[in-house]
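Visitor: Could you take me on a close look at the aromatic ring pairs in this structure? I would like to see how they are arranged and where they sit.

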Amino acid sequence: MASVSSQQMKSVVVGLGRSNNTKIVGFLSCVLDHLHVKGNSASVICELANNVFSISPASDSHHGHHNLTHNTETLSPEGVISDGRTVGPVVLEHAPHCPVRHLSDQERSSLATSQVSEKSVAVAVAVLLESSDGKVLMTQRAQHMRSFPRAWVPPGGHLEKDESLFTCGLRELQEETGLYFKPEHVNMSVLCLWESVYPMMLPFGLPRSHHIVVYLYAKAPYTSDELASKIKLDPEEVMAYAWYTPETITKLRRGEQDFLNVFILEDATSGKLKTETQEISSMFRGGLLWASGETFSGTQAALTRWSHLKTNPISSKI
């Protein structure tokens, strides 16, 4: 890791430590390893300043804590992390098979001579948008996407320079689904963080992307039907959407069968959709892992936390 000034930043990157003494995390470095965490989760404090998303361990009383209901209040849009603002304690997790943690010496040497070795860990934002009738919006990534094609995820994307997490979340939501919200019309808070690497397992190939994904929880003042009437999917990024309920997540966690209506983009020009019914476990490549209790993706982690919030309505303070 190396110190870096904000003038050197071409994009928002991940650093370790507080903002006045941040070390930038290299692409081939596992963030949790640098936090001296042997497990797969840690409680952290984060700050976004000068295009660096700094992560540091929370106090000893929170370190390693991963209770799904560990913080206090729902926040106004102004409280969502902006330049110079902190968030936490909040849980940062990664998969047990995190590729950058498990790289062999030979694989690491091979990557050290490639372009990825010159990169830093980037930052992305994803939004779990909940309707007023208690459903959360999920989208299926287009099949031509370079990372995680056809995966079911919340709307989201890269955090751009000089952009707050809140602004990024609303921008990505509008770009991908056509849903526009004024900041004062949606309550938003940080749900969790996920260290995301693609491909997600070494047998599928060496790492090509490495992000910290910030999952935001947003509560909309409209029903799912009202929101659906305004959705217009971006065919460059999204091929379908669906509404999940807490019961959906519970059945995934139990390995039970259930079916959802999925709205698939049929005509990119007109935005026309067709409706199909799909079995929920088939919508996730690692669906069986939900029932085993293993957390294999950020989407799974975020949805699981959201479903717990529905019965224990608290969120991470920013």
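Guide: Let's begin with a term we will need: a residue is called buried when its relative accessible area is under 20%, exposed when that area is over 50%, and partly exposed in between. Please keep in mind that this is a predicted model.

Searching the whole structure turns up four aromatic pairs. One of them joins Phe181 and Tyr222: the ring centres are 6.4 Å apart and the planes meet at 35 degrees, so this pair is tilted. Phe181 belongs to the loop between helix H3 (165–177) and strand E10 (187–198), while Tyr222 belongs to the loop between strand E11 (209–219) and helix H4 (224–228), so the pair ties together parts that are 41 residues apart in sequence. Phe181 has a relative accessibility of 7%, so it counts as buried. Tyr222, with 28%, is partly exposed.

Now let's move on to Tyr241 and Phe263. Their rings form a stacked pair, with 4.9 Å from centre to centre and 25 degrees between the planes. Tyr241 is in strand E12 (residues 238–244) and Phe263 in strand E13 (residues 259–267), so here again the pair links distant parts of the chain, 22 residues apart. Tyr241 is buried, at 3% relative accessible area, whereas Phe263 is partly exposed, at 21%. Trp243 joins in as well: ring pairs link Tyr241, Trp243 and Phe263 into a cluster.

Key:
Residues numbered from 1 in each chain as written. Predicted model: local features only at pLDDT ≥ 70, side-chain atom pairs only at ≥ 80, totals over all residues. Heavy atoms only, no water. Phe/Tyr/Trp six-rings, centres within 6.5 Å; stacked < 30°, edge-to-face > 60°. Helix = DSSP H or I, 4+ residues; strand = E, 2+ residues; numbered from the N terminus. Buried < 20%, exposed > 50% of the residue type's maximum accessible area, 1.4 Å probe, protein only.
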